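Subject: Structure handover

Hi,

Here is the structure for you to look over. My notes follow below it.

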Amino acid sequence: MIIQVRYHGDIPPLEKIPQGDWIDLRSAETVDMKAGEYRLISLGVSMKLPKGYEAHLVPRSSTFKKWGVIQANSMGIIDESYCGDGDIWCFSALATRDTRIEKGDRICQFRIVPKMPDVTLETVSFLDGPDRGGIGSTGAR
């Protein structure tokens with residue numbers, strides 16, 4: 001499977017390492033953030049995903065520990081229609097402390113997954129499946 005990548009600026013090329021299912025992305029700029037500040041951080045790439053796929057973008061496991069930032073929207077979804085030269089991928093960051101992210105720092109990762117198939121939503125009066133009891137129904141163990 002081929003993913004076409006356009007690089008914006010001087011950043012190292014992406015690589016898929018054999019021991020992982022995710023591909024690291026780097027900050028394409030040096031960013032200073034104050035606690036409580038929100039910012040879109042450029043990742044310096046645009047991509048053309050294969051037809052029928054979307055990318056899931058999440059922080060790396062060390063991102064919060066190193067920089068004190070979380071991804072403001074929990075997970076980024078980039079669908080195959082976001083594929084032009086100007087469709088530059090970004091990381092939606094919220095700083096929990098004052099921090100500095102250097103250009104080239106690996107701050108997030110992505111993987112591609114098949115898009116949801118076409119579905120039809122049907123309104124019904126009741127569901128005939130078993131009722132587990134709602135949120136928290138498995139109790140404390």
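Which pattern does the protein follow, read along the sequence? The order is β-β-β-β-β-β-α-β-β-β-β-β. That is 1 helix and 11 strands. Helices (H or I, at least four residues) and strands (E, at least two) are DSSP runs, numbered from the N terminus.

Some ground rules. This is a predicted model: local features need pLDDT of at least 70, side-chain atom pairs count only at pLDDT 80 or more, and totals for chains, interfaces and linings use all residues. Residues are numbered from 1 along each chain as its sequence is written, and side-chain values use heavy atoms, with hydrogens and water left out.

Overall shape

The C-alpha trace spans about 55 × 40 × 30 Å along its principal axes. Buried residues account for 32% of the 141. Buried means under 20% relative accessible area, exposed over 50%, and partly exposed in between (1.4 Å probe, protein chains only). Take the contacts (heavy atoms within 4.5 Å) between residues at least 6 apart in sequence: 76% join residues at least 24 apart.

Aromatic pair

Rings of Phe, Tyr and Trp (its six-membered ring) pair if their centres lie within 6.5 Å; planes under 30 degrees apart count as stacked, over 60 as edge-to-face and the rest as tilted. The count by this rule is 1 aromatic pair. Trp89 and Phe110 form it, edge-to-face, at 5.1 Å centre to centre with 80 degrees between the planes. The pair links distant parts of the chain, 21 residues apart. Trp89 sits in the loop between strand S8 (76–79) and strand S9 (90–95), and Phe110 in strand S11 (residues 106–114). Both Trp89 and Phe110 are buried.

Pockets

The search used a 1 Å grid over the protein atoms alone; a pocket is an open set of points with protein on both sides within 12 Å along at least five of seven lines, and lining residues have an atom within 4 Å of a point. Grid points are joined across faces, edges and corners, and a volume is the space filled by probe spheres set on the points.

- Largest pocket: about 220 Å³. Its lining includes Trp22, Arg60, Arg106 and Gln109. Strand S2 (23–26) and S11 each give two or more residues. S2 has the largest share, with 3. The lining divides into 6 nonpolar, 1 polar and 5 charged.
- Second largest pocket: about 170 Å³. Among its lining residues are Leu40, Gln71, Tyr82 and Phe91. S8 and S9 each give two or more.

Two residues to look at

Leu94 lies in strand S9. Leu94 is partly exposed, at 29% relative accessible area. Beyond its neighbours within four places in sequence, Leu94 is in contact with residues including Tyr38, Val69 and Ile70.

Lys34 is in the loop between strand S3 (31–33) and strand S4 (38–42). Lys34 counts as exposed, at 54% relative accessibility. Leaving aside neighbours within four places, Lys34 is in contact with Ala95, Arg97 and Asp98.

Best wishes

Conventions: 1 Å grid on protein atoms, 1.4 Å probe; cavity = no way out; pocket = protein on both sides within 12 Å on 5 of 7 lines; lining within 4 Å. Nonpolar A, V, L, I, M, F, W, Y, C, P; charged D, E, K, R; others polar.
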